Amino acid sequence: MDIDLDSMTLKELKSLQTQVAKAIATYEDRRKRDALAELEDRARELGFSLSELTGSAATKRRAAAAPKYANPDNPSDTWSGRGRKPRWFEAAIKAGKPADSMAI
């Protein structure tokens, strides 16, 4: 495959560069998935799971927190009390409304 790079515009060269980077990334990801599947199959043949052999536990996803506060103007708009305070919550606090009055 011969590409005449000298005759390409800067925009075409950058597009080609992006395409090559994506192709490389997907190639490496595919190879990793294939290698992992092969290792899992081999571990199963030996009567183990791959996590048992490597000593790594499966990652656990944290469950979403239950909402604790609701927007007085729109009760379907809720906040769990974690993370950044929503604008409606901060506005209500500034207006003198106690947080307990918005609790669910």
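This is a predicted model: local features need pLDDT of at least 70, side-chain atom pairs count only at pLDDT 80 or more; totals for chains, interfaces and linings use all residues.
Residues are numbered from 1 along each chain as its sequence is written. Local features need pLDDT of at least 70 and side-chain atom pairs count only at pLDDT 80 or more, while totals for chains, interfaces and linings use all residues; side-chain values use heavy atoms, with hydrogens and water left out.

**Stop 1**

Select Met-1, Ile-3, Leu-5 and Leu-13. Together they form a nonpolar surface patch with about 440 Å² of accessible area. Patches of this kind join nonpolar side chains (Val, Leu, Ile, Met, Phe, Trp, Tyr) within 5 Å, and like charges within 9 Å, using residues with over 30% relative accessible area and no salt bridge. The areas come from the Shrake-Rupley method with a 1.4 Å probe, and for residues only the protein chains shown count as cover. Ile-3 sits in the segment before helix H1 (10–45); helices (H or I, at least four residues) and strands (E, at least two) are DSSP runs, numbered from the N terminus. Ile-3 is partly exposed, at 40% relative accessible area. Buried means under 20%, exposed over 50% and partly exposed in between (1.4 Å probe, protein chains only).

**Stop 2**

The structure holds 2 salt bridges, each defined by a side-chain nitrogen of Lys or Arg within 4 Å of a carboxyl oxygen of Asp or Glu.

- Select Asp-41 and Arg-44: their side chains meet at 2.6 Å, N to O. The two are 3 residues apart in helix H1, about one helical turn. Asp-41 is partly exposed at 37%, and Arg-44 is exposed at 54%.
- Select Arg-42 and Glu-45: the closest N and O atoms of this salt bridge are 3.1 Å apart. Both residues lie in H1, again 3 residues apart. Arg-42 is partly exposed at 46%, whereas Glu-45 is exposed at 61%.

**Stop 3: Ser-80**

Move to the loop between strand E2 (78–79) and helix H3 (87–94), where Ser-80 lies. Ser-80 is buried, at 17% relative accessible area. A polar atom of its side chain is 3.2 Å from the backbone nitrogen of Arg-82. Beyond neighbours within four places in sequence, Ser-80 is in contact (heavy atoms within 4.5 Å) with Ala-65, Ala-66, Pro-67 and Lys-68.

**Stop 4: the core**

Select Tyr-69, Trp-79, Trp-88, Phe-89, Ala-92 and Met-102, the 6 residues of the largest nonpolar core. Such a core is a set of buried Ala, Val, Leu, Ile, Met, Phe, Trp, Tyr and Cys residues joined through side-chain atoms within 4.5 Å. H3 supplies the largest share, 3 residues. Outside four places in sequence, the contacts of Trp-79 include Tyr-69, Trp-88 and Phe-89.

Methods
A polar contact is a pair of N or O atoms within 3.5 Å; within protein, one must be able to donate a hydrogen and the other to accept it, and residues adjacent in sequence count only if both atoms are side-chain atoms.
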